[in-house]
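This briefing concerns a predicted model, and the points that follow are grouped by topic.

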Amino acid sequence: MAACATPADVSDVHAILGSRATSGTPFTQALFQEYQAYTRQQIQTEVEWVDASETARKGLRAGKGEAVPPDELNRRPLPAPAVPALTAARERLMGYFAGGAAERVPAAAAKAQVAFDCWLEQEAQSNVNKPCKATFLAHEPILKKVAPVSAVAAEAGRRFVVTFALGSAQLSAQAQQTLKEAAAAQAQLHAAIVSVTGFTDTLGSADANRRLARQRADAVAAELTKLGVNPAAIAEDAFGESRLAVATGDNTAEARNRRVEITLAGPTWSHGGYGGHAYGGRGQGWGGYYGGGGFAVFFNTGSSQLTPEAIERLKQVVAAQKNMKPKTVSVIGFTDRTGSAATNARLARERAQAVAAEINRQGGSAAAVDARPGETWGMASDGRARRVEILFGY
């Protein structure tokens, strides 16, 4: 397939992989990111450059603010048995868009559209496994219009708990249903941070329980991502047996302690792209103040040392925290992709810890620290990736 691609095909693919959305709505920006990821999958996993170039062209249009529609069925030769299901699915998808799904739940709507295009491709290729069909069907319930909720109900709908079998990190059918509800609530409430925290009971060693709690949190975070929650919004942690929901003695099995808690924190304060909350339409430049709940400071290559400019910026963070009185202050470290995975993981964490320590030193507070290494905007060494974001949740 690569040999059949034209220079223009290759150029379009490289163009989308090396760019980001420059304008448009939250939906078109999310659509750009989904088509960008799908393009990468087509060339890296499937080695389909011609298909990838068509996907890239749609993504580039979305990146300029165009709400490109899902593919028509007549653009591919389809086996007859597949046509009715695909026809019905596209009609439903267009109905959701007509009902405002792209405005209500832009990330999930974009995920569903690109999953539909992928499903169409997989049917045309007579693939036995059709993971994109499963992705489309999993996101479909999120696109359906739901009745407005009261302020009290909305606040109550910000916290979800899933429990686990003894010694297990496997999601039950009930847990999966709860996570669908959590993903739908996150989309409806536009929560900026989705806190995912794993716990265990006291049966077993403390070290083993910390590992198990992390595995449980990882499983929940992965499922929420499948359901359309932006991975960049997920703040993950694990406490093992150290924070029990129900007080027990040591080596005690208690189902209510074998859990993951999911908390939706705060309204969205900007509509940044993947891994970059701080670059929304209300942003005012690198390191600036972004709407009602977030700041960003930037770092030199390979460094976690705060610059004088960053320290001055953090004075504004502390002043804003005292004035706005957020319930939570989350600090998230990022890196570019120029180092190894291990180096980036360490560096992202050190940057976040340095920012949290400076906020605390100046009289503020920053309790939640997280790291997202390797999430970049454009090229691998993009300077906007070498940052720490400080998010207020209400």
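Within helix α10, the residues that count as buried are Asn209, Leu212, Ala213, Arg216, Ala217, Val220, Ala221, Glu223 and Leu224.

**Helix α10 and what follows it**
- Just after α10 comes Gly228, whose phi is positive, at about 105°.

**The pairing of α4 and α7**
- Helix α4, made up of residues 83-98, and helix α7, made up of residues 131-143, have axes that come within 11 Å and cross at roughly 30°; because angles under 35 degrees count as roughly parallel, α4 and α7 are therefore roughly parallel to each other.
- The crossing of these two helices, α4 and α7, is left-handed.
- On the α4 side the contact is made by Ala89, Arg92, Leu93 and Tyr96, and on the α7 side by Phe136, Leu137, Glu140 and Leu143.
- Divided by residue class, the contact of α4 with α7 comprises 6 nonpolar and 2 charged residues, with no polar ones.

**Thr335 in its loop**
- Thr335 lies in the loop between β6 (328-334) and α12 (341-361), and it counts as buried because its relative accessibility is 1%, where the cut-off for buried is under 20%.
- Thr335 and Arg349 are separated by 14 residues in sequence, while their C-alpha atoms are 9.5 Å apart in space.

Note on methods
Residues numbered from 1 in each chain as written. Predicted model: local features only at pLDDT ≥ 70, side-chain atom pairs only at ≥ 80, totals over all residues. Heavy atoms only, no water. Axes fitted to C-alpha atoms, helices over the stretch in contact; angles between N-to-C directions. Helix = DSSP H or I, 4+ residues; strand = E, 2+ residues; numbered from the N terminus. Parallel < 35°, antiparallel > 145°, perpendicular 65-115°, else oblique. Left-handed = near helix turned anticlockwise from the far one by under 90°. Contact = heavy atoms within 4.5 Å. Nonpolar A, V, L, I, M, F, W, Y, C, P; charged D, E, K, R; others polar. Buried < 20%, exposed > 50% of the residue type's maximum accessible area, 1.4 Å probe, protein only.
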